[in-house]
Amino acid sequence: MEFKRVVVTGLGALTPIGNSVSEYWNGLINGVSGAALIKSFDTSKFKTQFACEVKNFDADGFLGKKDARKLDPFVQYALYSTEEAVNDAGLNFETLDTSRIGVIWGSGIGGLKTFLDEVVNFAKGDGTPRFNPFFIPKMIADIAPGHISIKYGLRGPNFTTVSACASSNNSLIDAFNYIRLGKANMFISGGSEAIINEAGIGGFNAMHALSTRNDDPATASRPFDLDRDGFVAGEGAGTIILEELEHAKARGAKIYAEMMGGGMSADAYHMTAPHPEGLGAALVMKAALEDANMTPADIDYVNVHGTSTPIGDPQEVKAISEAYGDDLFRINISSTKSMTGHLLGAAGAVEAIAAIMAVKHNIVPPTINHFTDDPAFDPRINFTFNKAQERVVRAAQSNGFGFGGHNASVIFKKYED
């Protein structure tokens with residue numbers, strides 16, 4: 001069977017460093033940190049008092065006050081980034097077969113703010129179950145693609161992938177496979193997350209997963225730095241329009257890049273810690289390369305998972321060393337989480353956009369906040385520390401690893417007719 005070719009024809013982003021793809025990309029290549037003290041709730045009793053929050057997002061202005069009240073922030077974010085991507089792709093759904101256009105979306109947690117608010121309100125009451133009628137439909141993780149399909153009248157496959165921080169990489173892979181198998185013409189795919197609230201920050205603090213560098217939030221996310229002390233929570237959404245090549249050409253679409261393949265694996269090791277030798281991470285990178293019919297020699301940039309945790313970063317370096325061999329010293333790698341923080345279920349989509357833009361513009365975004373070399377890492381590795389680097393990026397790989405040992409990796413390359 002001959003697979004269909006799949007291309008990227010539209011992008012949308014809502015991130016802690018920009019509320020559009022152009023703002024996000026400009027923030028990335030200029031090394032802007034999105035971390036600051038949390039404004040959305042009182043953090044005075046929390047171990048971590050900062051995060052990478054979305055800034056200047058007006059849900060009421062975007063959706064209308066009545067509709068905004070019916071949607072959890074993670075859905076609001078999804079609709080916002082998707083509107084940008086739909087407009088960017090020049091889509092007129094009245095002229096397209098919407099039965100062959102689907103939505104596959106990723107979210108690691110879903111409507112955490114809604115769940116928190118409703119349970120707190122119940123606990124404050126007299127035991128009478130006075131719940132908002134929108135409680136369940138606001139909270140469930142699958143509601144984001146549901147609302148996207150309703151807004152645009154899309155009747156193709158529609159579901160949510162949930163694999164913690166690998167969620168939206170999994171959504172992209174699923175969408176890619178449906179299209180290349182000829183089951184659909186186009187997908188709106190990506191992910192969104194909104195966990196910067198008392199439950200999200202408190203929960204991750206209880207795990208000792210977050211940085212506690214409250215005196216210097218802007219430099220707290222330090223992937224691969226000797227003094228890294230945990231990840232910085234982020235929020236937002238990323239949307240990618242994936243489309244069958246001939247369908248895109250027939251409507252005169254612009255093409256950012258071609259999606260070549262994706263890999264999936266499991267660590268089968270621990271519920272939160274990565275395998276100490278990076279076995280699952282190495283396996284998923286090799287699987288993505290095999291699926292793409294590519295070798296390490298074809299890749300110029302890897303957007304790594306790179307969360308800035310003491311145990312996660314070294315394991316990923318071991319994995320890349322295993323997967324890439326001597327090519328590791330030829331490529332650039334970087335962690336854009338140093339700027340955006342960790343968007344959990346949305347990370348894969350937002351970081352895939354960074355990889356796609358690197359391929360399009362031949363610029364590798366940096367890993368910022370590097371102060372002290374970690375002697376555990378080979379000094380020949382180009383982590384793209386602190387400043388973006390211009391180079392030809394023929395193809396880029398982007399990794400996502402999640403609690404539970406879930407791993408997913410995607411590959412994009414320059415489009416050639």
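Author: The account below takes the aromatic rings, then the charges over rings, and then the glutamine.

This is a predicted model, in which local features need pLDDT of at least 70, side-chain atom pairs count only at pLDDT 80 or more, and totals for chains, interfaces and linings use all residues. Residues are numbered from 1 along each chain as its sequence is written, and side-chain values use heavy atoms, with hydrogens and water left out.

Rings of Phe, Tyr and Trp (its six-membered ring) pair if their centres lie within 6.5 Å; planes under 30 degrees apart count as stacked, over 60 as edge-to-face and the rest as tilted. Phe-122 and Phe-131 form a stacked pair, because their ring centres are 5.3 Å apart and their planes stand at 20 degrees. Phe-122 is partly exposed, with a relative accessible area of 34%, and Phe-131 is partly exposed at 35%. Here, buried means under 20% relative accessible area, exposed over 50%, and partly exposed in between (1.4 Å probe, protein chains only).

The rings of Tyr-178 and Phe-187 have centres 5.6 Å apart and planes at 45 degrees, so this pair is tilted. Tyr-178 counts as partly exposed at 30% relative accessibility, whereas Phe-187 is buried, with a relative accessible area of 0%. Elsewhere, ring pairs join Phe-57, Phe-62, Tyr-77 and Tyr-80 into a cluster.

Charges also sit over rings, a term that requires NZ of Lys or CZ of Arg to be within 6 Å of the ring centre and within 35 degrees of the ring normal. Arg-180 lies over the face of Phe-3, at 4.5 Å from the ring centre. For Arg-380, the ring is that of Phe-329, with 3.9 Å to the ring centre.

The glutamine is Gln-389, which belongs to strand 12 (residues 389-390); strands (E, at least two residues) are DSSP runs, numbered from the N terminus. Gln-389 is partly exposed, with a relative accessible area of 28%. Between Gln-389 and Ile-29 there are 360 residues in sequence, yet their C-alpha atoms are 8.5 Å apart in space. Not counting residues up to four places away in sequence, Gln-389 touches Asn-332, Asn-362, Ile-363, Val-364, Asn-382 and Thr-384, where contact means heavy atoms within 4.5 Å. The side chain of Gln-389 makes a polar contact of 2.9 Å with the side chain of Asn-332, and another of 3.1 Å joins the side chains of Gln-389 and Asn-382. A polar contact is a pair of N or O atoms within 3.5 Å; within protein, one must be able to donate a hydrogen and the other to accept it, and residues adjacent in sequence count only if both atoms are side-chain atoms.

Conventions:
Helices (H or I, at least four residues) and strands (E, at least two) are DSSP runs, numbered from the N terminus.
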